[in-house]
Amino acid sequence: MVTSTPERARTPGADWRVGLSDDQLKELLYLLKLCRYFDERMEALYRQGRLPGAIYSGRGQEGTHVGVAYALRPEDSLFPTHRDLSAQLTKGLDLKRVMAQYWGRIDGYTRGRDGNSHVGDWFGHRTWTVMSHLPIAYPVACGAALAYKRRGEARVAMGICGDGATSNGRWHEALNVSAIHQLPVVWVVNNNQYAYSTPNPLEFRVPTIAERAAAYGMPGVRVDAQDVLEVYRVAREAVERAREGGGPTLIECVSLRWRGHAGHDPAKYVPKELLERYMREKDPVARFASLLIERGVVDEEEVKRVQERVENEFDEGYRFAQASPFPVPEDVTKGLFTDDGYWASEPSREGGTG
Amino acid sequence: MRDTGPSDDMVRHVAPDGTAVGDVDVGLDEGDLRELLRLMVRARRLDRECMALQRQGELTVYPPFEGQEAAQVGSAFALGPSDFVFPSFRELAAAIARGVDVVEYLQYHRGTWHGGAYDPIAARFAPICVPVATQIVHAVGWALGAKLDGIGACALAYFGDGATSEGDFHEAANMAAVFRVPVVLFCQNNGWAISVPLSEQTAVPIARRAGGYGFPGVRVDGNDVLAVYAVTRAAVERARAGEGPTLIEAITYRIGPHTTADDATRYRAPEEVERWRRLDPIERYRRFLLGAGIVGEEFVAACEAEAEAWVAEVRTAVTALGPPPEDEMVAFAFAEPPTTLTREWRERTDA
């Protein structure tokens, strides 16, 4: 089953708001703007040499990230990649702690132990710490879903990967096992059309990733990710079907990666006209703001206030991160194994901020 | 009621009772039709001998293929001399059909060589491959090379139902599709991956996996040698014409255990095995040939006698094989062995 989604918002008779209240719609707007602004500012800091490590921009793909993660309940789990920070923020991660993570500080989710983008909050917001090897989180999500099923818990796991990861053997193994055992899991593919520099036609021969679902015996849906509400609607349906024992779903969210694979990649291999068209006509953030104004949910003033709010939150997060101490060197061997109590204890704050 | 086998949505030319189903002209002359029977009879006789040799301690471990003769012989028979086979570890019948020296092949199971001592390049038959599904990756790589070299040859990879759940299967199939390489992915679905039944292996028919890659998938009665030959022939021609890969799912059954180290009675019912014995591929084809007047009883008897004599020679040659020279243990690990290793080896042999 592959569905190509119409422009629901403009379809007469359709519930354009897909069951969401005004407050929820405004929350989505806030999240979209937060994720976009965060992405833009972090890249600026990276280029100024003020942010160490690497960045993996998810710009242009916020419709996917916010839409799918918004369909999860707090007890559901999310297994993202390094490009899906927006999905983690939607799941509830604290922006201040995420920023502390990026600067390697003790208040980061991994207490300053990571290059920076491998963030997750498993015991809090149920997001699995990012692993770079793609799609290594898919088998883990499969295992989590198997555990939920065996324990009789009404919980759902959601894995995200990119179009390139669908060519990897682990992707196949995870989908197959989830279909055989009808596991409560939702497989999201963020098809941003480029796996680093490899375009879709050199990655797979089928016209869409969604139709691969039939080869495993599960439903597949293809959705235009410029429309966050449609992404959310499709994801919610899949999440609830999984929760009710209906098994897995494959969701292909189509967008375009606006920036390079990572901060160091100028992405000259993406045709300029394609990029400009997506940025002009398929911006999920601008599109959603216009929709809410058109429908009278917010006015221009309120959109501006949301923008000011996210800018203030970013500045606050930046100050918080800079003030947060580095980890102390003596702690470097702690917390490698669960039984030393490191992650349950308060860390030393004697590291200084340099 | 007549037992027609497990599925009706598969290609079949000869029914289990030996009667023709529709057109049985698959483009083979009577000599070839007789040769198929002769090869299957030989293969079965040798397979049974190998089981006995293992029980006598003459082979270390052996994976029997009884019941899968038609799937292997029919598919291998459809290949041309320059095509290349990438087997797993249960394809001795295909090796026989390809003309591989079976004494050299059995050195693997004798434990006197690793991967078969035959020349893989000359035999167009890759070394025996035990890590499940890895040979599919090799086949696709070879096929990509064949395409780039423009030699007009095609690769055929053999694998089982269990292998289709491996990531290597996926990566190989996807790459074969993207680059349209000349390869035939030949799955012998024998119902069991050691003790894992098909129902725990996949939620869809294996042939349907092909749709996820964008090439054709076909189901064939794997116990019907003519049907197997016909679908493989079509896939090979398609590959040679530059139209890319085909996935063939041959529905068959492993009558014996996974290997001589496995007790299949622990996970499957004797009734199931009996049911498949009644769907025997050689008996079916024998009846068909007799019914069509292509062979007489005396030909069948001659095939059996010839197989008996051939297997006696193979047995004598295999049991005469001694251990390989000791230094072969390290001889082929490096093109230029590191000095530490050569020193260590010298010290060992001097001692």
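Q: How much space lies in the largest pocket?
A: About 780 Å³. A pocket is an open set of points on a 1 Å grid over the protein atoms alone, with protein on both sides within 12 Å along at least five of seven lines. Its volume is the space filled by probe spheres set on the points.

Q: What kind of model is this?
A: A predicted model, where local features need pLDDT of at least 70, side-chain atom pairs count only at pLDDT 80 or more, and totals for chains, interfaces and linings use all residues. Residues are numbered from 1 along each chain as its sequence is written, chains are lettered from A in the order in which they are written, and side-chain values use heavy atoms, without hydrogens and water.

Q: Back to the pocket. Which residues lie nearest its centre?
A: Tyr109(A), Thr110(A), Phe123(A), Thr129(A) and Trp343(A), out of 23 lining residues. Lining residues have an atom within 4 Å of a point.

Q: And the lining by class?
A: Nine nonpolar, seven polar and seven charged residues.

Q: What about cavities: how many of 30 Å³ or more does a search find?
A: Five, in the whole structure. In a cavity, a 1.4 Å probe fits but cannot get out. The largest cavity has a volume of about 160 Å³. Among its 16 lining residues are Phe38(A) and Asp39(A).

Q: New topic. How much do chain B and chain A bury between them?
A: About 1,800 Å², 49% of it on carbon and sulfur atoms. That is accessible area (1.4 Å probe) lost on being put together, summed over both.

Q: How many residues does the contact take from each chain?
A: 23 from chain B and 21 from chain A. Contact means heavy atoms within 4.5 Å.

How values were computed:
Nonpolar A, V, L, I, M, F, W, Y, C, P; charged D, E, K, R; others polar. Buried area = accessible area lost by both parts, 1.4 Å probe.
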